[in-house]
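Take a look at the chain below.

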Amino acid sequence: MNNMKRAAAGGLAVVVAFGVALGVAWAGASWSDAKSKVDDFKRKADEVKRLAPEESRKIVAAMCSADDDGRKSAGESAASNARSRVNDKWSGLERSKREALDALRDVQNNDKDHRSDASREESDVKSRWDRLEDHTRAMRNGTHPVVDQILRGGDSARRDRRDRCAAKDVSLGGERADCVMVSSDTCTVVALTSDSSRAIDRGRDRARRAASRLEEELKKSSSSLNSSLSKCKRVESRVDCFKLCPDIDDDNRVRDTSARWRERC
């Protein structure tokens with residue numbers, strides 16, 4: 001009888017020992033699995049973090065190389081492309097986040113040896129997600145703020161520049177002069193454009209046509225030109241252009257939206 005009790009006790013000890021070993025092995029596998037899922041999330045988060053500013057810079061480049069009339073459509077097209085590329089990565093990142101958080105919570109509930117580690121990783125995953133979500137929200141919606149900032153900044157730059165003109169938005173027999181500056185007896189028709197080769201080329205043509213019309217008006221005795229222009233003996237033309245291509249930092253934030261002008265582009 002005693003031999004049977006000893007055998008039973010020994011068998012129970014083996015079962016308990018096996019159960020403990022199995023529990024330790026399960027807990028270790030759970031933490032390893034969770035850590036692998038966290039690493040996968042971080043890798044995908046870094047990919048999105050790099051991609052977002054790259055796509056934002058493409059939007060800026062597209063708008064800055066377009067002519068004035070095409071800046072809006074160029075920006076919207078580039079923003080649409082950026083939305084598609086970032087959202088493709090975002091869906092995978094979102095799934096990876098859910099898997100990582102589920103695995104970490106499982107560790108916190110079942111593995112006391114790695115509970116604090118899992119808690120720290122959970123905070124890190126959530127923090128990274130929140131930052132990325134904030135920095136990419138507008139881009140993922142297809143409404144990148146840099147498009148509107150460039151357009152509004154360009155309009156504001158032109159308005160400020162026109163304040164220097166002796167006459168602005170002058171109608172000249174079917175042509176329109178953005179700005180006419182007067183120095184001594186010389187009128188200079190100035191086209192105000194963005195600093196891109198396409199915009200400058202079109203600005204030169206526009207300024208030359210307006211200058212030609214102004215010369216014709218000056219020859220007329222019944223010209224309706226204002227007094228500051230009617231005194232001009234010579235007419236010239238030129239293009240003044242502004243550069244407004246904001247910097248995008250590595251956190252996908254827009255930096256430096258001020259316009260910089262140069263004369264005789």
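Strand 3 and strand 4 run parallel, joined by nine bridges. Two strands count as paired if DSSP finds at least two bridges between them. Helices (H or I, at least four residues) and strands (E, at least two) are DSSP runs, numbered from the N terminus. Across this pairing, Thr188 stands opposite Glu236 in strand 4.

This is a predicted model, in which local features need pLDDT of at least 70, side-chain atom pairs count only at pLDDT 80 or more, and totals for chains, interfaces and linings use all residues. Residues are numbered from 1 along each chain as its sequence is written, and side-chain values use heavy atoms, with hydrogens and water left out.

Strand 3 also pairs with strand 2. These two run antiparallel, with five bridges. They form a hairpin with two residues between them. In its turn, Ser184 has a positive phi of about 55°. Val182 has Cys187 of strand 3 as its bridge partner.

How many residues of strand 3 are buried? Nine of its nine are. Buried means under 20% relative accessible area, exposed over 50%, and partly exposed in between (1.4 Å probe, protein chains only). Both faces of the strand are covered. One side holds Thr186, Thr188, Val190, Leu192 and Ser194. The other holds Cys187, Val189, Ala191 and Thr193.

Now the cysteines. A disulfide is a covalent bond between the sulfur atoms of two cysteines. Here it is taken as a pair of cysteine sulfur atoms within 2.5 Å. That rule gives four disulfides. Counting bonded cysteines along the chain, their pattern is 1-7, 2-3, 4-5, 6-8. The table lists some of them.

| Disulfide | S to S |
|---|---|
| Cys165 and Cys179 | 2.0 Å |
| Cys187 and Cys232 | 2.0 Å |
| Cys241 and Cys265 | 2.1 Å |

Why is the disulfide of Cys187 and Cys232 right-handed? The torsion about its S-S bond is about 75°, so it is right-handed. Cys187 lies in strand 3 and Cys232 in the loop between helix 6 (227–230) and strand 4 (234–243), so the pair ties together parts 45 residues apart in sequence. Both Cys187 and Cys232 are buried.

The link of Cys241 and Cys265 is left-handed, with -95° about the S-S bond. Cys241 lies in strand 4 and Cys265 in the segment after strand 7 (260–262), so this pair ties together parts 24 residues apart in sequence. Both Cys241 and Cys265 are buried.

The link of Cys165 and Cys179 is left-handed, at -110°.
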